[in-house]
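Please keep the structure below in view while reading.

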Amino acid sequence: MGSRFCQIINNLNDWVGKIFGWLIIPLMLLVVFDVILRYIFNRPTIWVWDINVQLLGTLVVLGGGYALRHGAHIGVDALVGHLSPPKRAMVDLITSFFFFFGVGVLMWKATMDAIFSVQIKELYTSVFAPPIYPFKILMVLGILLLFLQGVVKFIQDLNLILKKESKNRQ
Amino acid sequence: MTIGSITIIIWSFLFLLMMTGFPVAFSMLSIAVVGYIVFVGPQALYTIFPIVFRNLTTDIYIAIPLFIFMAAVFQVSGVGDRLYETMYKWMAGLRGGLAIGTVAICTVVAAITGLGGTGTVTMGLLAYPEMRKRGYEKRMAIGCIPAGGALGPLIPPSIPMILVGNLSSVSVGKLFMAGILPGLICSLFFMLYIAIRCFLNPDLGPPLPREERANWKEKFISLRGVWAPILLILLVLGGIYSGACTPTEAGGIGAAGALICAAIYRNLNRENLRWAVITTMRVNAMVMWLVIGGASFSSLCGITGVTNFVRDILVGLPVGPMGVLLIMLLILFIMGMFIENASIIMICLPIMMPTALALGFDPLWFGLIFTMMVIIGMITPVFGYNLFYFKGLGHADVSMMDIYIAILPYIPLMLAALALCIIFPEIVLWIPNTMIK
């Protein structure tokens, strides 16, 4: 059930993780570049850190779904670690409502903020003051990817339980 | 509703949700959202997104992906292999020498990277099979590796310290420096323990037969292997200590330095770089989503008055400041058995730091003591991250129970070092107080 959807989202998050992960390289180069300018040319920049914080934010929001896809968001397994896969899936199915609610509210609030930001063409509060609304749109997309990956997990857990039940009935 | 019952409801729901194996980051985020709606009112939800946004655009957090990237590059750079060769030539002739040397290398790796996994994985792959081949007793060969790995986040740079520093408004640079001596003391304790046990019973770690040992010429030639780590340590720690750069900048410079070392050792191929990049993406997202969840949760605790309530209870306990400190450390120790370290920081520090301040403790000192206790949680069974890292290497002769038993002696050793830091705060404060800036 929904396997086509799961496949698309899995691939999408893998693709996003693999492409946008490379942003760590420009982040590193900008940091080094700024230090060199400051010490060797005595000309610190005002814009490097405004870019850097956006690179950090991009890495985090776009990495959220990727990390969920690969089970990297750690939980406490002491109690449920020994459950059989279908039982574990049942537990995860119940707690997933917390995920959808928490991340859903965050996505809703981020969307409201992004819409407002686009309307007023918001600038970042710094000396350089770059436009910040493209980054806020990106944040909404990142949280959406995380949410969709949660839906995939939900469908997979559901399938696991249904498969078990149909096997029991045979 | 009284503040007492709100506190109980919020915290028991958080722990209940966490115990189901639901990711800690999302447990905290969703409890925060639900808590805001129930206890503050739905209109207060507008505060959630600005909290997330502010945390994602914090300068000092840029250091987190940079240091993770540096550690990942280091892991594939081949620097560890060269270091191991040097150590082998110098130490293999001693009783327990390979285990002592493994701790020594972990100490050096700890001064380059800020995660517990780097030392554990690097040495777990290199040192463990070699020690077994040379007749080391299994538990002697296992224990020193996850224990040595735990030095990683204690000796700067350190990802947990970045979290602790930013959450409690303590200078991350100073916190880094505060970790140096306690880390070295732990390292020394580990080495002494191994040396004494192997001296008393050479069967635990037999020395290499005389004819197989390296001669002095070979030993000195092998010292070529140590330039790269020394350079990286000077770049990162030297830069921070001298005040030449912030911890974030040191992360960038260190990552670039690690890439250059990898290139010189001809390990900077596309596959290694791709692995380092995607590992950074995953680990950074894990840590930073914990930051997001933790920040939302602690803002709920702040706005409902839970933070102040718990702080006042802890401060009011009739056991004196030291008694309260020990109670907090005990709580951290128990949590460390079940919960991953960055999660413990995000859950506990927002309440424990105000408590420590109210008791009149130095925030830098308490920050370090707190971090140290959380790091001990990396090697305590049942859930110690370093133990799982070691198990994950897939050595066929190692069971989880072997690791649990092998690590046991190292826990009291670290606790003893922690006790020293509590009794003599100068151990913690001396280096940061001599910093130039």
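This is a predicted model: local features need pLDDT of at least 70, side-chain atom pairs count only at pLDDT 80 or more; totals for chains, interfaces and linings use all residues.

The largest pocket has a volume of about 680 Å³, while the second largest pocket holds about 560 Å³ of space. There is also one cavity of 30 Å³ or more in the structure.

**Largest pocket**

- The lining of the largest pocket consists of 31 residues, and those that lie nearest its centre are Thr279(B), Arg282(B), Val283(B), Tyr385(B) and Tyr389(B).
- Six elements of chain B, namely α4 (63-77), α7 (116-133), α9 (159-167), α15 (270-304), α18 (341-358) and α20 (385-392), each contribute at least two residues to the lining of the largest pocket, and the largest share, six residues, is supplied by α15(B).
- Divided by class, the lining of the largest pocket comprises 20 nonpolar, nine polar and two charged residues.

**Second largest pocket**

- The second largest pocket has a lining of 29 residues, with Leu68(A), Arg88(A), Asp92(A), Lys153(A) and Pro23(B) lying nearest its centre.
- Two or more residues of the lining of the second largest pocket come from each of α3 (48-69), α4 (85-119) and α5 (133-169) of chain A, and α5(A) gives the most, with eight residues.
- By class, the lining of the second largest pocket contains 13 nonpolar, ten polar and six charged residues.

**Cavity**

- The largest cavity, with a volume of about 40 Å³, is lined by Gly336(B), Ile339(B), Glu340(B), Asn341(B), Ile344(B), Val374(B), Gly377(B), Met378(B), Phe383(B) and Tyr385(B).
- Among the residues lining the largest cavity, six are nonpolar, three are polar and one is charged.
- Tyr385(B) lines the largest cavity, and Tyr385(B) is also one of the residues nearest the centre of the largest pocket.

**Packing of α6(B) and α8(B)**

- Helix α6 (residues 97-110) and helix α8 (residues 138-150), both of chain B, pack with their axes 9 Å apart and at an angle of about 15 degrees, and α6(B) is therefore roughly parallel to α8(B).
- The crossing of α6(B) and α8(B) is right-handed, and the contact brings Ala99(B), Thr102(B), Val103(B) and Cys106(B) of α6(B) together with Met140(B), Cys144(B), Ile145(B), Gly148(B) and Gly149(B) of α8(B).
- In the contact of α6(B) with α8(B) there are six nonpolar, three polar and no charged residues.

**Packing of α8(B) and α21(B)**

- The axes of α8(B) and helix α21 (residues 400-407) of chain B cross at roughly 75 degrees and come within 8 Å, so α8(B) is roughly perpendicular to α21(B).
- On the side of α8(B), the residues Lys138(B), Arg139(B), Ile142(B), Gly143(B), Pro146(B) and Ala147(B) meet Asp402(B), Ile403(B), Ile405(B), Ala406(B) and Ile407(B) of α21(B).
- The contact of α8(B) with α21(B) has seven nonpolar residues, one polar residue and three charged residues.

**Packing of α20(B) and α21(B)**

- For α20(B) and α21(B), the packing angle is about 135 degrees and the axes lie 10 Å apart, so α20(B) is oblique to α21(B).
- The crossing of α20(B) and α21(B) is right-handed, and the contact involves Leu387(B), Phe388(B), Phe390(B) and Lys391(B) of α20(B) with Met400(B), Ile403(B), Tyr404(B) and Ile407(B) of α21(B).
- By class, the contact of α20(B) with α21(B) is made up of seven nonpolar, no polar and one charged.

Key. Residues are numbered from 1 along each chain as its sequence is written. Chains are lettered from A and ligands numbered from 1 in the order in which they are written. Side-chain values use heavy atoms; hydrogens and water are left out. On a 1 Å grid over the protein atoms alone, a cavity is a set of points where a 1.4 Å probe fits but cannot get out, and a pocket is an open set with protein on both sides within 12 Å along at least five of seven lines; lining residues have an atom within 4 Å of a point. Grid points are joined across faces, edges and corners, and a volume is the space filled by probe spheres set on the points. Helices (H or I, at least four residues) and strands (E, at least two) are DSSP runs, numbered from the N terminus. Ala, Val, Leu, Ile, Met, Phe, Trp, Tyr, Cys and Pro count as nonpolar, Asp, Glu, Lys and Arg as charged, and the others, Gly among them, as polar. Axes are lines fitted to C-alpha atoms, for helices over the stretch in contact, and angles run from 0 to 180 degrees between N-to-C directions. Angles under 35 degrees count as roughly parallel, over 145 as roughly antiparallel, 65 to 115 as roughly perpendicular and the rest as oblique. A crossing is left-handed if the near helix is turned anticlockwise from the far one by less than a right angle, and right-handed if clockwise. Contact means heavy atoms within 4.5 Å.
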